Amino acid sequence: MGSLRINTVEKSRKHQGKCRGCGKVINKGDPYKWVKPRYGGRTIKCLDCNFRGSEMESNETLSSLYAGVESVEDRLSTTPSHEEIEEIRDELVSAIEEARDAFQEKADNLSEHFPDSEMVSDFEEKVQELDSWLDGINDVDVEFDEEELTENLETWTERVWGELQAKAGECPI
Ligand SMILES: [Zn+2]
């Protein structure tokens with residue numbers, strides 16, 4: 001687990017295609033930067049764009065968790081419709097559950113052979129942290145019920161949107 005190294009190239013020796021961030025074409029002679037996970041290809045960006053957490057993370061489970069959270073944060077960067085809110089919450093929940101299950105599996109597999117390994121407790125700690133994050137997210141009442149609505153629709157949407165946004169930003173690992 002850790003951060004990938006960012007490599008900077010002052011002058012590209014060939015055409016690099018489009019920047020993964022903004023889509024600007026990186027031509028021969030242009031500067032660019034790149035990261036490369038152990039498995040998988042390079043991600044290339046122009047110097048104006050930053051790498052996101054998911055792109056910088058070398059651990060596959062964490063990287064896909066971060067990617068899931070980033071996608072939810074993107075969807076929450078503008079006010080969603082009240083119909084979308086529950087769907088976005090579910091997307092966040094499944095990204096976290098997937099990571100939790102992956103860490104649980106790692107802990108189980110490892111403890112079969114190395115029950116005293118520090119990594120087992122490290123994985124189990126992550127499972128617990130993700131579980132309490134999930135509890136907090138599941139506490140947000142995203143179910144829209146017109147009949148029980150005590151505030152106007154706009155207020156409801158803004159409030160739940162804000163709560164979800166805050167919870168999405170609380171990744172403990
Ligand atoms: Zn760019």
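Student: Where is the place of Cys-49?

Tutor: Cys-49 sits in the loop that runs between β5 (43-45) and α1 (53-56). Helices (H or I, at least four residues) and strands (E, at least two) are DSSP runs, numbered from the N terminus. Before we go on, two notes on the source. This is a predicted model, where local features need pLDDT of at least 70 and side-chain atom pairs count only at pLDDT 80 or more, while totals for chains, interfaces and linings use all residues. Residues are numbered from 1 along each chain as its sequence is written.

Student: How many C-beta atoms surround Cys-49 within 10 Å, and which residues does Cys-49 touch?

Tutor: Burial is a neighbour count: a residue is buried if 20 or more other C-beta atoms lie within 10 Å of its own, exposed if 12 or fewer, and partly exposed in between, with C-beta atoms placed from the backbone. Cys-49 has 16 other C-beta atoms within 10 Å, so Cys-49 is partly exposed. For contacts, two residues qualify if their C-beta atoms, placed from the backbone, lie within 7 Å. Not counting residues up to four places away in sequence, Cys-49 touches Cys-19, Gly-21 and Cys-22. Ser-94 is 45 residues from Cys-49 along the chain, and their C-alpha atoms are separated by 28 Å.

Student: What radius of gyration does the chain have?

Tutor: The radius is taken over C-alpha atoms, and the globule rule is 2.2 Å times the number of residues to the power 0.38. For 173 residues a compact globule would come out near 16 Å, but this chain has 20 Å. Along the principal axes, its C-alpha atoms fill a box of roughly 65 × 50 × 15 Å. Of the 173 residues, 18% count as buried.

Student: How do I check the length of a helix, and what does α3 span?

Tutor: The expected span is 1.5 Å times one less than the number of residues. The 32 residues of α3 should therefore span 46 Å, and its end C-alpha atoms are 49 Å apart, which agrees. Buried residues of α3 include Ile-85, Leu-92, Ile-96 and Phe-103. The buried residues of α3 pack against α2, α4 and α5 (153-168).

Student: Which residues of α4 are buried, and which are exposed?

Tutor: Phe-123, Lys-126, Leu-130 and Trp-133 are buried in α4. They cover an arc of only 85° around the axis (the arc of the directions from the helix axis to the C-beta atoms), which puts them on the same side of α4. On the other side of α4, Glu-118, Ser-121, Ser-132, Asp-135 and Asn-138 are exposed. The buried residues of α4 pack against α3 (82-113).

Student: Is Leu-65 buried or exposed, and which residues does Leu-65 touch?

Tutor: Leu-65 belongs to helix α2 (residues 60-75). Leu-65 is buried because 26 other C-beta atoms lie within 10 Å. Apart from residues up to four places away in sequence, Leu-65 touches Ala-95, Ile-96 and Ala-99. The C-alpha atoms of Leu-65 and Glu-98 are 33 residues apart along the chain and separated by 7.8 Å. As for the helix as a whole, the buried residues of α2 pack against α1, α3 and α5.

Student: Which residues touch the most other members of the largest nonpolar core?

Tutor: A nonpolar core is a set of buried Ala, Val, Leu, Ile, Met, Phe, Trp, Tyr and Cys residues joined through C-beta atoms within 7 Å. The largest one has 20 residues, of which Leu-65, Val-69, Leu-92, Ile-96 and Leu-164 touch the most other members. The elements giving two or more residues to this core are α2, α3, α4 and α5. Its largest share, seven residues, comes from α3.
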